[in-house]
Amino acid sequence: MEPSRGAVAGGGRRWGDAEAEAEEGRRAEEGGEVSLREWLDRPGRAVEASECVHVFRQVAEAVAVAHAQGVAVGSARPSCFVVSPPFARVAFIESASGSDASGSCSGSDASEDADPDASPPRRCDGAARGEDRAGKTFPLKSVLAMELNWYTSPEEAEDSGESGSTFASDVYRLGVLLFELFCTFETIEEKMRAMANLRHRVLPPQLLLKWPKEASFCQLLMHPAPETRPKMSEVLQSEFLNQSRNSLEEREAALRLREEIEEQELLLDFLKQLQKRKQDIADNLQDTVAFLSSDINEVLHQQSALGGQFVNFSSDLDKEVCSETAEDQSDCGSRKRFRPELEGVDMEEQNRSVEEGSRTVPSSELIQESVLSKSSRLMKNFKKLETAYFLTRSKLAKQVGNQISSCHQVAKRTGSAIGTEGSSIDNFPLERQYGRRQRSWVNSFLEGLCKYLSFSKLNVRAELKQCDLLNSSNLVCSVGFDRDKEFFATAGVNKKIKVFEYNMIVNEHRDIHYPVVEMSNRSKLSCICWNSYMKSHIASSDFEGIVQVWDVTRSQVFVDMREHERRVWSVDFSIVDPTKLVSGSDDGSVKLWDMNQAGSTGTIRTRANVCSVQFQPDTARSIAIGSADHKIYCYDLRNIRAPYCTLVGHTKTVSYVKYLDASTIVSASTDNSLKLWDLSMSPGRIIDSPIQTFTGHTNTKNFVGLSISDGYIATGSETNEVFVYHKEFPMPVLAYKFSVADPISGQEIDDPTQFISCVCWRGQSSTLLSANSSGNIKILEMD
């Protein structure tokens, strides 16, 4: 490698520049050429006799060719040669057609008083046998200066280079090269001392002990008397070079063979890896086909069981249709007899009735038409349904675990998906249990599939038109229906609770819709919740941490609760016990309230802001809490010291929690996902695996609403869209985007600042009430 002047002056540093060494190592790894100087001085170079002799012979042959042409080389130094791995091929990078007094292969004046502090020069290109050779590297100037001194013969030093290089001085340089090939050093100081001793033909003891023949030949080549040095023809014919030629050829053959073996091993490894991957794919595909066949057989079995019952119902239904058609035709005849003045009209009606009767479609054909209608939508969403099918099916496989593997082994022995022959008595309970789970799964997926295909779009049934729609403080934070679904209320940052009559909004077309009741609050409102028993009671929470219960008929507050220290995000009445109320706040506490008592009845302290609370639907003793620490906590109110269950899986704030049923929870988070949790899944205190994750909407920073009805899950999006999911599938079933109109031109525009802020189903119906951040409220209907 190339030492810098700094390395010489520094004392004790490793031989070579770190960056240059790294560059040389990189080029060596890539199979590129390196300077013979770099090759000699690379750190940790191991001396291999055959390789060193091979390099020496190639340099000697190049010098011999020049001598045969009557030319003294003068620059037979390592910096003027490059080495190409893997067989150490040596190439001369300066034309041998002539020599100069300086002997510099770079064409530059590399004098001994070169600037020691000069920065490392860029690599330059040289010429080889009269042709340009791009990409060849040269050592640093300081190394060139030292190398020039090392490779100057005694007669050249005495003559100061005036008479030029001679054949004998070229032989002397070969001796110096041979010394460098077989002698390595740890530091530049060691090398400089050894090279200084070499001028007096004093060789290191380790070289004399380990390489005596090489040391002897080196001293012969560096004899102080030029006439005593051997000629180049004698050097090439010497026993020293010819003895190792055969071993070198054998080494090269061995290296080539090793390379070929390594290449074959590499190809073999690649083919084996490819075979393994494809085999894994084939195994997975075989398993997939197996459980598809299993599910098909199960559906066919259920279909055949239903088919026998349908035949009887179908024939009776067809008879009823035909009977009704005949009666209609008879009635037409009767009307004709009793009302002769309308004979022409009756004849037309009779003809139409006959035509309609002839077009009466049997119930089986009606089923086919219904299937075709749904099939078109199924094909449009085939990829999504396929993904949902395999995702849900894989969960069944995980639940059954080793039992499914046993069933598959039986299937392989019997040639069917589920073993029916060759199964032992011991396998019968296993197959029966697997069959029950499979039927349950198939029925569950079928229910979800039907729900998914039941509706194709969300239509706007009505839009609430308010006079203050252009008000900048119209963000609606919460909406909700009363006990009988006759009225709905809205609340938000305008500090007002507005109550509207549903039928009036839907059935009466007005320019402006006015609320039947409007109640004003001191602070911005965050949440409202109707009482499930007292129709006129509605609870609210606001940004000042106050929880209130309003009497809508009187338009006034009758319960005022002020124990929270910061903003309250959520409030909820118990369905089972309408006197119980719960609230969650930014102060990290959940307060339990009883309408018949003054003050809270209990407080749950958490470590983070509470964003959502809800009572379990079938009891007033359990609640779920959505927290800013990304977790959901379930508490038994008889022991509020610690949650009985913690749901872990979201990566950001949990903004909403809703019970789907007594043991299933849906959570929303600002990590762009909803998750479905089964509380009966794990007997432990922590559940970290949701049974479903719903993605498709965008939610990274705002509260966008969450509502559940009959397995359908509605939520908003920061793209100003409403999304509807079904509990069985992770992708959206329906979506609707709120249009934004320019207040001046009336043209539709895209406003990225608007988002859906809340949603609420109207009971278990297909009607959805939704509002966005600009106060736009729409009643949507699944169609």
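Glu-263 lies in helix H12, which covers residues 239-338; helices (H or I, at least four residues) and strands (E, at least two) are DSSP runs numbered from the N terminus. The model is predicted, so local features need pLDDT of at least 70 and side-chain atom pairs count only at pLDDT 80 or more, while totals for chains, interfaces and linings use all residues. Residues are numbered from 1 along each chain as its sequence is written, and side-chain values use heavy atoms, with hydrogens and water left out.

**Charged surface**

Glu-263 has a relative accessible area of 53% and is therefore exposed (exposed means over 50%, buried under 20%, partly exposed in between, with a 1.4 Å probe and protein chains only). Together with Glu-259, Glu-260, Glu-262, Glu-265 and Asp-269, Glu-263 forms a patch of negative charge on the surface. Patches consist of residues with over 30% relative accessible area and no salt bridge, like charges being joined within 9 Å and nonpolar side chains (Val, Leu, Ile, Met, Phe, Trp, Tyr) within 5 Å.

**Salt bridges**

The structure holds 27 salt bridges, each defined as a side-chain nitrogen of Lys or Arg within 4 Å of a carboxyl oxygen of Asp or Glu. Three of them are listed below.

| Pair | N to O distance |
|---|---|
| Arg-37 and Asp-41 | 3.1 Å |
| Asp-577 and Lys-580 | 3.0 Å |
| Asp-594 and Lys-580 | 3.3 Å |

Arg-37 and Asp-41 both belong to helix H3 (residues 36-41), where they are four residues apart, about one turn of the helix. Arg-37 is buried at 0% relative accessible area, and Asp-41 is likewise buried at 4%. Both residues take part in a network of salt bridges that also links Arg-77, Glu-147, Glu-180 and Lys-191.

Lys-580 pairs with Asp-577 and with Asp-594. Asp-594 is in strand E17 (residues 589-594) and Lys-580 in strand E16 (residues 580-585), so their bridge ties together parts that are 14 residues apart in sequence. Asp-594 is buried, with 10% relative accessibility, whereas Lys-580 is partly exposed at 26% and Asp-577 is partly exposed at 23%.

Leu-647 is part of strand E22 (residues 645-648) and is buried at 0% relative accessibility. Leu-647 and Ile-686 are separated by 39 residues in sequence, yet their C-alpha atoms are 5.9 Å apart in space.

Technical notes
Accessible areas come from the Shrake-Rupley method with a 1.4 Å probe; for residues, only the protein chains shown count as cover. Lys and Arg count as positive and Asp and Glu as negative; His and the chain ends are not counted. The place of a charge is taken as NZ of Lys, CZ of Arg, CG of Asp or CD of Glu.
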